[in-house]
Amino acid sequence: MEPMMAAENAGRWNWMRSELDALEAAGRLRKLEPAAWLEHGWIERNGKRLLHLASNHYLGFEPWLDDDGWAGLAAECRRLGEPAVRIGSGASRLITGHDPQHDALERELAAFKDTEAALVFSSGYMTNAGVIPALVGRKDVVFSDRLNHASITDGIVLSRAQHIRYPHRDMDRLEKALKQWRTGEAGVPSRQGRLLIVTDAVFSMDGTVAPLADLVTLKERYGAMLMVDEAHSGGVYGPGGRGLCHALGLHAKVDIIMGTFGKAFGAVGAYIAAEDIVVRYLINRARTLIYNTGLPPLVAAFIRQRLRDVRAADSARAELMRKAALFRARLQAGGLDTGPGDSHIVPVMCGTDQRAVALSAALAEAGVAGVAIRPPTVPEGTARIRFAPTPAHRDADLLQAADAVVRLAAEARP
C-alpha cells in the first residue's frame, strides 16, 4: 500500500473513534459480552457465575432443547408433510418461505388471542417497523406514549406520519392532542387523515402499565386506531397468558395487538393479532414481511410447543409475580427507589449514567447480573439497573441479591 494511501486509511474512521471515545467518557459505551446460561436463573460471564436478573425470560422456561425436545419437533414437522425439521425458510414468506409450521402457528395464535387472524414476523422490532408504516403515512398522525419502545418510535419515523408524543400515561394531554388534530384551534374540522394511537402494554424499563381502558375510550371518541404492544405482558397477564388486553377484557376493542416470542415464550419472533382484513392488508403492505426471510420453520414449530406451555403456566405466572414482589419489597426496605410500577419488571433508579454503570460493575463483582440502562433507552437523568426475577430463581438467591444491591447502591452514592 502506498504511504499516502495508508495515511489516509489510518484516519478514515477517526469520526467513529471520536464518537466512541465520547460515549465511553459519558458512561454510555456498549459492548457485547458472551453469557452461558445455567440452571436456576444463573449465567456464566467472563468466567464468573452470576445470578441472572437482566433477561426477559419471564416464565423461566428451560432455555434449551434436550434430545426428546428435538425428536418432538421432528415428529411435528413430519406430521405436517416435511421429512424433518427445516432450519431456514429459504425465502420471503410471499415467495416460498411460508412453511406449514407458519400456517399452523398463525391459526393457533388467532385462537389463542380470540381474534380472526394472526400474522407472524421474524422479530418484535421488525413487526413494529413494518406494521406502523403500513397503517399510516405522510397525511396521517401517530400519538405515542413518550416511553414507548424504540421499535415503535422507529416504525413511526419510517411511516413519515406526524409524530405526537404525549407524556407517559397522561390521558389528559393525549385527549388534548387528539382534539386539536381533529378540530383545529378554531374548533372547526380542519385536518384529515388516519389517526393511530400506539402504546406498550407494560413499559419495559419502568414496569408501569398503560391505562388501556382510557385509551380505548379515547380511540372510540376520536375515531382513531389503537395498537397495543404486548411484548412484555404477553404470557404474563390474562387467562392462559393471553396478555394485558385480555386480562382487562379489552381485547375485542383493541384494533391491533402485537406480541413477541422473545420474552415470556423464551424463543424469538413476533406476531400481530387482528381482524382478517387487517392481516390481509399487512401481507400486502408491511415491508418487513414482504422483503424479509421468513421466521425459521424450526422456530415456528418450537413456538407451537411453547404456546401450549404458556397456556398451562398459571402457577409460573403466580410465582413470577410473587418473586418480583419479594425482590421489590426487599429493595424498598433498603431505601431504594424502584419507581411507580408494580409489575414483574423492577428498576432501581440511579439517576446518572456513571452511577448506574458503577453499580452494575459492582454487582457483577458480587455475583449479580444487573445491566445499566442509560439514555437514549431511558430519558436523561433516569439511568437505572433493570431487574427481572423469574420463577426459576430461588427465594434465597433473590433476597441475597437484593441485599447486595442495597449495600452496593449505598456505597455508590456520591
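Asp397 is found in helix H16, which covers residues 395-412. The model is a predicted one, and every value below is computed from it. Asp397 is buried, with a relative accessible area of 14%; the cut-off for buried is under 20%. Leaving aside neighbours within four places in sequence, Asp397 is in contact with Trp42 and Leu51. With Trp42 there is also a polar contact, side chain to side chain, at 3.4 Å.

## Two domains

The domain assignment of the protein chain gives two domains. Domain 1 is made of two stretches, 25-63 and 314-412, while domain 2 is the stretch 86-295. The C-alpha centres of domain 1 and domain 2 are 28 Å apart.

How many residues of each domain are in contact with the other? On the side of domain 1 there are 22, and on the side of domain 2 there are 21. Between them, the two domains bury about 1,600 Å², and 61% of this area is on carbon and sulfur atoms.

Seven residue pairs are in polar contact across the interface of domain 1 and domain 2, with both residues of each pair at pLDDT 80 or more. Two elements give two or more residues to the side of domain 1 that touches domain 2: helix H14 (314-333) and strand S14 (383-387). Helix H14 gives the most, with four residues. By residue type, this side of domain 1 divides into eleven nonpolar, six polar and five charged residues.

The count of salt bridges between domain 1 and domain 2 is one. The pair is Arg384 and Asp206, whose closest N and O atoms are 3.0 Å apart.

## Salt bridges

Side chains of opposite charge can pair when their charged atoms come close. In this model the count comes to 24 salt bridges. The table lists four of these pairs.

| Pair | Closest N and O atoms |
|---|---|
| Arg86 and Asp99 | 2.5 Å |
| Asp314 and Arg317 | 2.8 Å |
| Arg384 and Asp206 | 3.0 Å |
| Glu319 and Lys323 | 3.5 Å |

Arg86 is partly exposed, with a relative accessible area of 25%, whereas Asp99 is buried, at 1%.

Two other pairs in the table belong to helix H14. Asp314 and Arg317 both lie in helix H14, three residues apart, which is about one turn of the helix. Arg317 counts as buried, with 6% relative accessibility.

Glu319 and Lys323 are four residues apart in helix H14, so about one helical turn separates them. Is Lys323 buried or exposed? Lys323 is buried, with a relative accessible area of 4%, whereas Glu319 counts as partly exposed at 28%.

Salt bridges can also be linked to each other. In this model, Glu76, Arg79, Glu108 and Arg304 are linked in a network of salt bridges.

## Backbone details

Which residues does a cis peptide bond join? The bond joins Pro375 and Pro376, and omega is about 10°. Pro376 is found in the loop between strand S13 (371-373) and strand S14. Strand S14 was named above as one of the elements on the side of domain 1 that touches domain 2.

His40 has a positive phi of about 60°, although His40 is not a glycine. His40 is found in the loop between strand S1 (35-37) and strand S2 (42-45). With 41% relative accessibility, His40 counts as partly exposed.

Arg169 also has a positive phi of about 60° without being a glycine. The loop that holds Arg169 runs between strand S6 (162-166) and helix H8 (171-183). Arg169 is partly exposed, with a relative accessible area of 34%.

Key: Residues are numbered from 1 along each chain as its sequence is written. This is a predicted model: local features need pLDDT of at least 70, side-chain atom pairs count only at pLDDT 80 or more; totals for chains, interfaces and linings use all residues. Side-chain values use heavy atoms; hydrogens and water are left out. Domain bounds come from an automatic or database domain assignment. Contact means heavy atoms within 4.5 Å. Buried area is the accessible area (1.4 Å probe) that two parts lose on being put together, summed over both. A salt bridge is a side-chain nitrogen of Lys or Arg within 4 Å of a carboxyl oxygen of Asp or Glu. A polar contact is a pair of N or O atoms within 3.5 Å; within protein, one must be able to donate a hydrogen and the other to accept it, and residues adjacent in sequence count only if both atoms are side-chain atoms. Ala, Val, Leu, Ile, Met, Phe, Trp, Tyr, Cys and Pro count as nonpolar, Asp, Glu, Lys and Arg as charged, and the others, Gly among them, as polar. Buried means under 20% relative accessible area, exposed over 50%, partly exposed in between (1.4 Å probe, protein chains only).
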